[in-house]
Amino acid sequence: MKQIQLQVAFFLSRFIERPDTLFYNKLSNEYNPPVILPPQNPLPGLLFIDSPVVQAVSKNGLINLTISNMRLDVTIKNLSVNVENDIIRRYYDISKDYSIIRVGFVSQFVERSEDSSQIFKKYLKIDDGVSEVSFRYNRKTCLNGININDVMNIQDAEFEENGNKQRGVLFVRDINSDPASKKEMDVEKILGLYRYSSKQFNEMCCGEN
């Protein structure tokens, strides 16, 4: 099983009125010119929470950034990045003025096989001959007083690598703090949850989970 991507999501309690200004003031030197999505007209009295406003790709092409009105997402394709310093501490400093109340770490894994039924049999104990599966579960736990959702999605999929299409099974694991909590999270709590998540992701790659 191979880890191919990691997404770090910061959920905010304060509304970012101008995500484009935040981007240009804090991040423009690290990214290519962004895509600024046009404003939308909400219904009277409503806000478009989580509606993407700024999307950008890093100059090395290995990080995708989305800044919404109450959320910031960093998607990492180069897994050799120092996530603690280059991602968590860096983007915590950028968004902390908007009060981070929740974080999520979403990792994608693939296991390639022309016969996906063998992968389903290996991990889900499903009989031979099954070629299409969509499976999801959520394991709830608590870490240092933080309630955590540990969600796994498993499905057969088709991938493209080096211009060639391949078949296999996609595993998406989403470890996030409970949305019911509205308490502000400091950087040490976020790092603690990342270290826990990273351990779970590494165990998947090593076949221990």
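Me: Which residues are buried in helix α3 (residues 116-124)?

Reply: The model is a predicted one, and a residue counts as buried when its relative accessible area is under 20%. Seen down the axis of α3, the buried residues fall within an arc of 155°, so they line one face of the helix. The buried residues in this helix are Ser116, Ser117, Ile119 and Phe120.

Me: How many residues apart are Phe105 and Tyr194, the two partners of an aromatic pair?

Reply: The rings of Phe105 and Tyr194 form a tilted pair, with 5.5 Å from centre to centre and 55° between the planes. Phe105 is buried at 0% relative accessibility, and Tyr194 is buried as well, with a relative accessible area of 12%. The pair links distant parts of the chain, since Phe105 belongs to strand β6 (residues 100-112) and Tyr194 to helix α4 (residues 187-205), and the two are 89 residues apart.

Me: Is Asn144 buried or exposed?

Reply: Asn144 lies in the loop between β7 (134-143) and β8 (146-161), and has a positive phi of about 50° although it is not a glycine. A residue counts as exposed when its relative accessible area is over 50%. Asn144 has a relative accessibility of 71%, and therefore counts as exposed.

Me: What is the relative accessibility of Ser99?

Reply: Ser99 is found in the loop between α2 (83-95) and β6, where its phi is near 65°, a positive value in a residue other than glycine. Ser99 counts as buried, because its relative accessibility is 13%.

Definitions and conventions: Residues numbered from 1 in each chain as written. Predicted model: local features only at pLDDT ≥ 70, side-chain atom pairs only at ≥ 80, totals over all residues. Heavy atoms only, no water. Buried < 20%, exposed > 50% of the residue type's maximum accessible area, 1.4 Å probe, protein only. Helix = DSSP H or I, 4+ residues; strand = E, 2+ residues; numbered from the N terminus. Arc of directions from axis to C-beta. Phe/Tyr/Trp six-rings, centres within 6.5 Å; stacked < 30°, edge-to-face > 60°.
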